[in-house]
Each structure stands twice: as structure tokens, then as C-alpha cells.
Amino acid sequence: MEDKSYVYLVRRLELDAEENPGAFRKKVMLLGGSACAVLVLVLVLLTVFGGIALSFVLDGDNLVATLFAGLFLLGIASLLFTVLRAFLLRLPEPEGIEITPAQAPRLFKLLERIRVKLNGPPLTRVVIDGSFNSAIAQIPRFGLFGHYRNHLILGLPFLCAMSTREMTATLAHEYGHLASAHGKLSAWVYRQRVTFSALMDKVADTTGNNPLNRLLFAALARFAPYFNAYTFVLSRQDEYQADADATRLVGASANARSLCRGELLGHWFNESFWRSLYDQTSDHPQPTFMPYSSLPTALTATYHDWAAPRQLKKAQRRRSGLHDTHPCLRDRLQAIGEKACLPPPIKLSAAEDLLGPLAHALAKKLDTEWWRDELPNWQAQHRQHTENRAMIAKLSPRSPDTLAPPELLEFAHALAGERQTKEACAILEHLLAREGGPFPRARLLYGKILLETGDDAGLYQLQRTASEDWGLAHECAECGYEFLCAKQDEETAQSWADKLAGRD
């Protein structure tokens, strides 16, 4: 299905779901159940045909018939194995540091109060990880046949950023996914999406040598967009329902503050915080401060950076995309009848209140794990910075006119790596103006630098790059897509990328 047709289908289904949520939910159940029934039927037919083929092979009266039956049996066995593997695929349990009621009694008492008020099922595990997020994962032990284990994943940075009341709103949202009628249906739908995705991937890998696999892949390729569209809309509606559950529990204003703080700090944490940490690779072979232990101080010190009117306006400009089931901040606030607000500073974080001394111990453990995994990458970046400075020191005294194109490109890369963007742009402009071009890789770097500084002119440079070297078109499309997603919206970004790739 073409992208425009998919967008139209999603928009139409959103209207159907809004008009009659119950009927739409039944449609999704019918669609998912029918898909499972068809796959079961395929398994039965493959088994029957396999048995028939096996009988021909064992009979062996006719050599030609036996040969064809054997080949057919091999094809059926391969496809049967592929389908069964997808059905029996086990989802991994969420990773993280598991905590118990004895370690964090206040947190577990709060979770129990929320469970009772929302009439939800008990949690199997609570784990802490290093993400700026919180989530519920329902993992079926018996595949599509159920017996769910409920896992709550809490990011320690998220707990450090929120007040206890705001964290209560978030926990109520996550518990709403379990407590409402959509809980197990959503988990079942998610399981189906994983199953069909795995099945498509495995069938796609073997389409070249098995006509039966090609036939199944063609059928799945036609079915997948419709299934994805229906289940996407259902998941989006479930998010609104979970927000409504949180609002009923803590009030609209507290939920709005939680949503706004989470949106603002999520972008700050994933972009500014980690960037400032990795800036140390320029001069230090190891960090002078560790991420999780230093985060509470960083949150307080940078309050006026992330809790700024310009950041809030930027957050409000983001639109709900078609690849994320979570609606944008503006749509979520509108659904609960609140306006965007700048969250005030907090005196006591949810981590301090609900975890107590355990919060510090968890931070130290996450720091240790992070540094163990990140050491090779950190040292590689430190070496790269050292090489960049050596390159700059070597080439800076020379006039650009005396440098060959490869040297100019290396020079520009080194300058850009040290964030000397003006100097890098000057070198690239000199190179691109030279005779003997085109120089598509230099133009690609030029476009990337312009986009990183927020200059829309970088999009034109990416278009020129793709026209000069079609082999770089995919990288150009990705860079422009990410820039437009952040600056405008996903639909605009996708439209631009499609035009660049010649799909529109």
C-alpha cells in the first residue's frame, strides 16, 4: 500500500474509532482473530499436503512423481517450519534492575493504591532502567495463547525528574493499560504484530528459493498495511483512555504538569544532557562525572534551559505521527481539557520520595553498567578528537588553494567534529566552488552542518547531493527526514523524503 493510501486509511479509521469505539474494537478483534485462523488453516493444509507428498515419496513406484513429491515436501517442510517458529516466538522479558517491596516500600504501597483504585491485576515485576521513560509490558508465557506476566519498567531519570504527584499520574496511565478493558487486547494485538512481523521477515529471507514462501509473502504484504493501520489506531485510542484514567485519579492539572514536564525533559535528557556528557570525550579519556549520579544536580542547574517558553512552544508544535502510537503533547492535553504549562521546580523528586536511599544505589549501579558498556566507544571518540585536532593543526597554516579536494574534505570533517562549524562551512564552500566537481560527499557534509545549525538551506544541499550521486540519496533522505520531523511534522518529512527518493 502506498504511503498516501495508508495515511488516508489511518485517518478514516481514526474517525471510525472516535465515532464508535466499541464497534471499532470488535473490528480489530475480528481482524486479528481472522488472521490467526487463516494462519492455523495454513498450518493444517501444509501438514495435510505434506502427508500426501510423504506418501508419494514412500510409495516410490514412479521415479519422476517421487522426485517432484520430494521437492514439494521439502518446500512444505521449510514453510511449515517458518510459520511454526513465528507462532512460537517468545518475547524477551524487559531488562533492568528488579526491585522488591522490601527495598522500596513507599513505591510499592503507591502502586497497590493505584491498582486498587483502578481495579487492575497485580504486577509480576518492577524493574528500574536508565531510560527517560515508564512503561508497562505484558508478556505472554504461551505465545498467542496468553497467560500474561505484567512488568512495570521505570526509568530512574524519569523518577528523578518528576514530583511524586506527577509520577502518580504516570503510574496511573501505565496501570490504566492493564486495568481497562483494552489491557489484554492491546497485549494480544502487540503479540500479533510481533508474530506477523517476524513471519514476514523470515519468509522474505527465503522467497528466492521457495515458490510457496513467495506466495505467503505476497499475501502477508497485502494484509500487513491494513492490520497495522487498524492496530495502530487502536493503540492510539488506548493511550487516550489511559490518560483519562490518570486524570480521574490525580486530576487534570497534575496530569497536565506530568505530561508537559515529561515532554520537555525527555527531549532535554536525550539531546542536551547526553551531548554535554559526551562533550567531555574531547579532552578526557574518561568522564569527569557519571550520568545517573549527576542527573539530579543537572536537572536543577538547567531548569531555566529546558523549562523555557521557547521550549514549550516547540513542544506544542510537534504533531502526532503515524509511526508512534503516543499522541503528541498538544493532542493529549486537548483530550483532558488542559492547556500547556511550564512545570515548576520540584523540591523533592519521586526518586527521593519513593525509593529513598535505594535511588543513590541504583544510580551507582547504572553508572557502572553504562561505563562498562560505553568504555570502547568513549575511548574511540576521544581518539577521534585527538586526530581531529592534529589534522586541524597540520592543515590550518596552509592556504585552501594549496590543498587537494580530499585534503579539504578531511579538513572540513575535522573542523565539524570539533564543532567549528563556520570554519568547516568556509572550507566546504571553497571546495564546492572549485572546478573539477561535483563533490557530492563534500556537499552532503555541508548540508548536514547547515541542518545541525537549523538552516533550511541544508535541505537544498541534500537534494543537490542526491542528484549528483544517487548512491547517497538514502542518507540524504534520512537526514532531511529527521530535520523536518523535529522542525515541522512527520507527514511533511515523509513527503519530502519520498520526493527525494523519487517515490512521489
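Which side chain does the side chain of serine 320 make a polar contact with? I looked it up: the partner is the side chain of aspartate 331, at 2.8 Å. (A polar contact is a pair of N or O atoms within 3.5 Å; within protein, one must be able to donate a hydrogen and the other to accept it, and residues adjacent in sequence count only if both atoms are side-chain atoms.)

**Ground rules.** I'm working with a predicted model, where local features need pLDDT of at least 70, side-chain atom pairs count only at pLDDT 80 or more, and totals for chains, interfaces and linings use all residues. Residues are numbered from 1 along each chain as its sequence is written, and side-chain values use heavy atoms, with hydrogens and water left out.

**Entry 1: serine 320.** I found serine 320 in the loop between α12 (309-317) and α13 (329-336). (Helices are DSSP runs of H or I, at least four residues, numbered from the N terminus.) Its side chain also reaches the backbone nitrogen of cysteine 328, at 2.8 Å. Buried or exposed? Serine 320 counts as buried because its relative accessibility is 16% (buried means under 20% relative accessible area, exposed over 50%, partly exposed in between, with a 1.4 Å probe and protein chains only).

**Entry 2: helix α17.** I checked residues 421-432, which make up α17. Its buried residues are Ala424, Cys425, Ile427, Leu428, Leu431 and Leu432.

**Entry 3: the cores.** I looked for nonpolar cores (sets of buried Ala, Val, Leu, Ile, Met, Phe, Trp, Tyr and Cys residues joined through side-chain atoms within 4.5 Å). The largest one has 62 residues, and Ile99, Leu107 and Leu355 have the most contacts inside it. Helix α9 (residues 252-278) gives this core its largest share, 11 residues. A second, separate core has 21 residues, including Leu395 and Tyr446.

**Entry 4: rings.** My search of the whole structure gave 16 aromatic pairs. (Rings of Phe, Tyr and Trp, its six-membered ring, pair if their centres lie within 6.5 Å; planes under 30 degrees apart count as stacked, over 60 as edge-to-face and the rest as tilted.) Tyrosine 278 and tryptophan 378 are a tilted pair, 5.5 Å centre to centre with 40 degrees between the planes. Tyrosine 278 lies in α9 and tryptophan 378 in α15 (residues 358-395), so the pair ties together parts 100 residues apart in sequence. Tryptophan 378 is buried, with a relative accessible area of 0%.

Terms used:
Helices (H or I, at least four residues) and strands (E, at least two) are DSSP runs, numbered from the N terminus. The expected span of a helix is 1.5 Å times one less than its number of residues.
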